[in-house]
Amino acid sequence: MSKQTKKILLIAGAALALVAVLAAAWFALGPKGTAGHKNIRVTVVYGDASTDTFSLSTNAEFLRGALEEQSLIEGDENEYGLFVKTVNGVTADEANQEWWCFTKGGEEVLTGVDTTPIADGDAFEITLKAGW
């Protein structure tokens, strides 16, 4: 085996080991859902500042499941999960740089709807924003 081949195999092995460590860390430290029944509140804030508030009763562990049970969200699947485009029948207009912002208790949620865990009593806001 040449020196070049050994070097390539060593680099490939190190890369594979790094991927395995990162995957294990994600599963160990990533967001975890809570099993069981829970009640959450979701307030939708539209572009004209009007609101609708929904009280949801669910066994879902993550926000997406609870919102889809009530047909409150629609969107496109991508490598990160669901990209929400429509909330309660209102579609964000990309031509106007509109997008849906998810917050919990006023703080921006830094995970997608697929990986945002929910617990009994949580309150979320989904706000139509304009401008990137």
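Which residues lie nearest the centre of the largest pocket? Select Phe83, Trp100, Phe102, Thr111 and Gly112 to find out: they lie nearest its centre, among 19 lining residues. A pocket here is an open set of points on a 1 Å grid over the protein atoms alone, where a 1.4 Å probe fits, with protein on both sides within 12 Å along at least five of seven lines; lining residues have an atom within 4 Å of a point.

Before moving on, note that this is a predicted model: local features need pLDDT of at least 70, side-chain atom pairs count only at pLDDT 80 or more, and totals for chains, interfaces and linings use all residues. Residues are numbered from 1 along each chain as its sequence is written, and side-chain values use heavy atoms, with hydrogens and water left out.

**Stop 1: the whole chain**

Show everything as a cartoon. The protein has two helices and eight strands. Helices (H or I, at least four residues) and strands (E, at least two) are DSSP runs, numbered from the N terminus. Along the sequence the pattern reads α-β-β-α-β-β-β-β-β-β. Of the 132 residues, 29% count as buried. Buried means under 20% relative accessible area, exposed over 50%, and partly exposed in between, with a 1.4 Å probe and protein chains only. Take contacts between residues at least 6 apart in sequence: 51% of them join residues at least 24 apart. Contact means heavy atoms within 4.5 Å.

**Stop 2**

Select 38–45, which is β1. Six of its eight residues are buried, so β1 is largely enclosed by the rest of the structure. Strands pair if DSSP finds at least two bridges between them. Thr43 has Thr53 in β2 as its bridge partner. The two strands form a hairpin with five residues between them. Click Ala49 in the turn: its phi is positive, about 75 degrees.

β1 and β8 pair in the parallel sense over five bridges.

Stay in β1 and select Arg41. Is Arg41 buried or partly exposed? Arg41 counts as partly exposed, because its relative accessibility is 41%. Opposite Arg41 stands Ala123 in β8. Thr53 is twelve residues from Arg41 in sequence and 7.0 Å away in space, C-alpha to C-alpha. Leaving aside neighbours within four places in sequence, Arg41 is in contact with Thr53, Phe54, Asp122, Ala123 and Phe124.

**Stop 3: Thr58**

Go back to β2 and select Thr58. Thr58 counts as buried because its relative accessibility is 2%. A polar atom of the Thr58 side chain lies 2.8 Å from the backbone nitrogen of Ala60. Not counting residues up to four places away in sequence, Thr58 touches Gly36, His37, Lys38, Ala66, Glu69 and Ile118.

**Stop 4: the three-stranded sheet**

Select β3, β4 and β5. They form an open sheet in the order β3-β4-β5, with antiparallel pairing. The edge strands are β3 (73–78) and β5 (90–91), each pairing on one side only. Six bridges join β3 to β4, and a hairpin links these strands through two residues. Glu77 has Leu82 in β4 as its bridge partner. On the other pairing, two bridges join β4 to β5. There Val87 has Val90 in β5 as its partner.

Zoom in on Thr86 in β4 (residues 81–87). Thr86 is buried because its relative accessible area is 11%. Its side chain makes a polar contact of 2.7 Å with the side chain of Thr91. A polar contact is a pair of N or O atoms within 3.5 Å; within protein, one must be able to donate a hydrogen and the other to accept it, and residues adjacent in sequence count only if both atoms are side-chain atoms. Beyond residues up to four places away in sequence, Thr86 touches Leu72, Ile73, Glu74, Thr91 and Trp100.

**Stop 5: the core**

Select Ile40, Val42, Leu63, Leu67, Val84, Trp100 and Phe102. They have the most contacts inside the largest nonpolar core, which has 23 residues. Such a core is a set of buried Ala, Val, Leu, Ile, Met, Phe, Trp, Tyr and Cys residues joined through side-chain atoms within 4.5 Å. Centre on Leu67. Leaving aside neighbours within four places in sequence, Leu67 is in contact with Val42, Leu56, Leu72, Ile73, Phe102 and Ile126.

**Stop 6**

Return to the largest pocket. About 450 Å³ of space lies in it. That volume is the space filled by probe spheres set on the points, with grid points joined across faces, edges and corners. β4 and β6 are the elements that give two or more residues to the lining.
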